[in-house]
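Dear colleague,

I am passing on the structure below, and my notes on its strands and charged side chains follow it.

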Amino acid sequence: ALALLAALLACSGEDDPIPDPCAGAVPGPGWIAYVSRRAGNYDVRLVSPDGRCDRAIGDDPGDDLAPSFSVAANAVAFSGIRGGKPSIVVHDLATGTESVLDTGDLHAANPAISPDGTTVAFEGRVPPALPDVHLVPFAGGTPVALAASAASDAGPAWQDDGTLVFVSDRTGTGTFQVWRVGTDGGGLENKREVAWYIPIAL
């Protein structure tokens, strides 16, 4: 019996790999996408609600920012420099592959995937113009500007009713305000003033 115990202890030495409790974890509701500089540059990470599973999304040497995680699309979209241009990068969680969303000539940032996973809202511009909020199908297509103006429109976010909110300085007061708009560009309304907002440089 002692010999058997010794053999079992010998087989469980320090060199044995520690099982990864998150190896089979499937991101779902409650998971959060965020950015971290723990590796030196800003990288996108995805963490489970209990904090046990915390994984990196991609390993580009540049800074990746402003992630949007979608359960419906099983993907994370984020801002990154690809091909020398600010772009929307989509990371497929099922395959681990990355692709750049086609936004034409637009410099694109701050993506937000719709609740049903079919559409991406983002802020885009052709320099030197200021950014407008655009919509593009998640599967690819032609970006469409929503309620375009001469002001800076940025930071789109989806609401439960399918409308979008964004921040804009279009009132000419020098401060950013929250605006809401429908996906067809209609129903534009001013919601409230915000103390400050710093959009990502495009």
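Strand β10 (residues 132–137) pairs with β11 in the antiparallel sense over three bridges, where strands are DSSP runs of E with at least two residues, numbered from the N terminus, and two strands pair if DSSP finds at least two bridges between them. Val 133 has Leu 146 as its bridge partner in β11. Please note that this is a predicted model, in which local features need pLDDT of at least 70 and side-chain atom pairs count only at pLDDT 80 or more, while totals for chains, interfaces and linings use all residues. Residues are numbered from 1 along each chain as its sequence is written, and side-chain values use heavy atoms, with hydrogens and water left out.

The two strands belong to an open sheet of four, in the order β8-β9-β10-β11 with antiparallel pairing, whose edge strands, β8 (107–113) and β11 (144–146), each pair on one side only.

Turning to charge pairs, a search of the whole structure finds seven salt bridges, each defined as a side-chain nitrogen of Lys or Arg within 4 Å of a carboxyl oxygen of Asp or Glu. One of them joins Asp 64 and Arg 82 (3.2 Å, N to O); because Asp 64 lies in strand β4 (residues 64–70) and Arg 82 in strand β5 (residues 75–82), the pair ties together parts that are 18 residues apart in sequence. Both Asp 64 and Arg 82 are buried, buried meaning under 20% relative accessible area, exposed over 50% and partly exposed in between (1.4 Å probe, protein chains only). Another salt bridge links Glu 189 with Arg 180 (2.4 Å, N to O).

Best regards
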